[in-house]
Amino acid sequence: METLIVLGSGLAVVFVAVAFIIGIYNTLIVLKNHVKNAYAQIEVQLKRRHDLIPNLLECVKGYMQHESKTLENVTKARMVAMNMSADAQTQSVSENVLSSALKSLFAVSENYPDLKANQSFLSLQEELTSTENKISFARQFYNDSVMKYTTKKEIFPSNIIAGMFNFESFTMFTIENPAEREVVKVSFD
Amino acid sequence: MWDQIVKNNIQSIITMAFLLVLVLIMAGIMGFCLLGTGEGVVIGFFIALFIFIALYLSAKNNSVAFFAGSSVVKCDKKCAPVLFNVVEEMSIAAGLSNPPEIYIMDTSIPNAFATGICPEKASVCVTRGLLELLDRNELQGVVAHEIGHIVNRDIRYILSAGILVSIIAFMARAFSKSGGRRCSSNNSGGAFLILFLVIGIFAPLLSRLFYFSLSRKREYLADACAAQFTRYPVGLASALKKIEEWNKLQARRKKIAKESYETSEFNENPLMAAACIVPCAVKKDKDSLFSTHPSTTNRINVLMAMTSVDYSSYNTAYTKVTKEKPLISNRDVSSCKNHDIVLPVGVVAAVNDVKSLNSIKDTPIEEKIERRRDAEDIMWKHSGYIIINCDCGTRLKLPPSYKGKEVICPHCKKNHFVN
């Protein structure tokens with residue numbers, strides 16, 4: 001009789017321990033998939049920006065005939081960004097170059113009052129601003145997801161289980177080029 | 001995220017359990033007294049459960065209508081592009097699988113609320129007055145606050161708790177009118193009767209107090225979420241300041257003109273009011289026991305005292321300003337500290353400077369006019385009008401019955417194509 005009780009309680013302990021481990025493992029998997037999903041969202045927003053730019057250039061060309069250099073910069077930056085989809089780091093660099101080119105374009109458009117009042121230009125400007133914001137928020141959410149996953153991976157007791165099953169680490173979005181931390185200087189010459 | 005939300009609010013769970021137990025006790029006693037037998041208790045339970053499910057389902061299926069009546073207008077990207085973009089941006093920052101539906105209420109009172117039992121089927125409603133008052137950053141702060149409610153499943157909690165409170169109040173009133181006499185005549189329930197009267201008077205009161213404290217705590221948490229999503233607590237703080245100024249101006253105008261301005265009917269129902277961003281017509285500006293929302297001054301001060309944007313920073317600011325126990329459980333705070341979410345450089349300076357808060361007086365008049373015209377245009381567009389902005393500054397509003405392909409501006413005579 002006594003051995004039965006001991007056996008029963010031993011099994012119960014093992015059962016609870018296994019359930020605990022499964023729970024933590026599943027949480028880690030869920031958080032890891034959140035990180036992957038968040039990364040994919042950034043790609044969605046970047047592609048959207050690529051698709052919007054030709055419309056903007058069409059709308060602007062008629063008004064800004066003397067600004068061929070600025071328009072050329074935007075076109076070139078877009079081509080480079082679209083082809084650089086291999087590596088995450090080089091991709092973010094080329095995308096940041098495109099962001100700066102667009103900022104110059106919008107700054108120059110301040111000198112053209114006819115363009116500023118044009119309804120399609122205004123709505124395109126809002127769309128592009130919103131797309132830039134969405135890219136930032138998507139990166140922000142990616143960073144938040146990586147933070148939650150990394151925290152869960154590092155705290156006790158989940159770190160044991162993460163180590164047992166070799167969960168990979170992710171890096172947050174950071175600025176590689178220190179010059180990008182400076183305020184963007186807009187010059188048109 | 002679910003475990004974070006639930007564990008953050010052990011108090012909310014205790015509150016809900018307390019309310020539930022109270023409802024069951026009262027239902028049981030009422031059933032017993034009215035029917036005189038033990039089965040009455042069970043019947044009482046079932047009736048209370050039935051009422052709860054009926055109200056819950058009706059709220060779930062007609063969320064926005066349940067809360068606001070019929071004066072809401074559903075919005076899409078064509079109607080209100082800026083608002084649509086703002087909501088989409090915040091849903092990305094919050095990690096929602098699809099952005100909530102957007103509704104606009106045609107009133108000049110600035111307010112906003114969120115409904116929806118689960119994040120996939122949620123909606124956000126703002127008033128036309130809010131769109132007239134706030135700029136893009138502030139609007140983003142308010143929308144982030146509402147999406148914070150959605151993400152924290154606040155609506156489900158507030159709705160359930162609110163329904164329980166209403167059931168308790170209803171039962172107390174019903175019993176005091178009829179059941180009391182029957183109870184005392186049915187059995188030797190003299191002591192029982194006294195017990196029930198005590199419960200009948202204190203229960204509605206107690207339940208309301210618990211409900212309001214639950215609601216206040218959730219509002220602070222939604223503010224913390226807004227700061228985290230936008231990374232810009234000044235936005236929401238500015239919005240709150242502007243709304244408060246607007247309310248004070250309205251109160252003053254009411255007093256001077258002795259007329260009745262638009263009252264906030266939709267705010268007077270406490271079930272509904274808890275979901276809004278600010279209460280209307282608040283008399284005292286501190287956290288009173290009976291208010292659904294914390295005082296706006298406290299909320300603004302906590303937001304401006306933040307040094308970074310994670311929960312632990314909000315907690316620190318909260319304890320510093322309100323001198324109360326921290327809102328968020330220690331377990332989650334400690335897990336946040338390892339990875340501090342730092343405020344961008346420009347924002348740190350803004351947060352520490354109270355002058356960086358926008359106010360209604362400081363907004364240039366042209367901006368106010370422009371925003372008001374934009375907000376009104378949304379309502380025109382929804383009715384099928386085509387809005388054309390002429391270069392001379394005139395806005396042409398063509399009714400749906402206009403069939404022509406071109407239109408001439410009456411001021412500058414420029415020709416516009418109608419698309």
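Trainee: Among contacts in chain A between residues at least 6 apart in sequence, what share joins residues at least 24 apart?
Mentor: This is a predicted model. Take the contacts in chain A between residues at least 6 apart in sequence. Those joining residues at least 24 apart come to 79%.

Trainee: Which pattern does chain A follow along the sequence?
Mentor: Start with the secondary structure of chain A: 6 helices and 0 strands. Read along the sequence, the pattern is α-α-α-α-α-α.

Trainee: What is the area buried between chain A and chain B?
Mentor: Begin with the residues in contact. Chain A brings 20 and chain B brings 23. Carbon and sulfur atoms give 52% of the buried area. That area is about 1900 Å².

Trainee: How many salt bridges does the rule find across the interface of chain A and chain B?
Mentor: One pair to look at is A:Asp144 and B:Arg231. Their side chains meet in a salt bridge, at 2.9 Å from N to O. Across the interface of chain A and chain B, the rule finds 4.

Trainee: Which element gives the most to the side of chain A that touches chain B?
Mentor: Between the two chains, 9 residue pairs are in polar contact. On the chain A side, the elements giving two or more residues are helix H1 (2-61) and helix H5 (119-154). With 16 residues, the element that gives the most is H5(A).

Trainee: How many residues on that side of chain A are nonpolar?
Mentor: Sort the side of chain A that touches chain B by class. Polar residues number 7, and charged residues number 7. The nonpolar residues number 6.

Trainee: Is B:Thr107 buried or exposed?
Mentor: Find B:Thr107 in the loop between strand E2 (101-105) and strand E3 (112-115) of chain B. Its relative accessibility is 8%. Buried means under 20%. So B:Thr107 counts as buried.

Terms used: Residues are numbered from 1 along each chain as its sequence is written. Chains are lettered from A and ligands numbered from 1 in the order in which they are written. This is a predicted model: local features need pLDDT of at least 70, side-chain atom pairs count only at pLDDT 80 or more; totals for chains, interfaces and linings use all residues. Side-chain values use heavy atoms; hydrogens and water are left out. Helices (H or I, at least four residues) and strands (E, at least two) are DSSP runs, numbered from the N terminus. Buried means under 20% relative accessible area, exposed over 50%, partly exposed in between (1.4 Å probe, protein chains only). Contact means heavy atoms within 4.5 Å. Buried area is the accessible area (1.4 Å probe) that two parts lose on being put together, summed over both. A polar contact is a pair of N or O atoms within 3.5 Å; within protein, one must be able to donate a hydrogen and the other to accept it, and residues adjacent in sequence count only if both atoms are side-chain atoms. Ala, Val, Leu, Ile, Met, Phe, Trp, Tyr, Cys and Pro count as nonpolar, Asp, Glu, Lys and Arg as charged, and the others, Gly among them, as polar.
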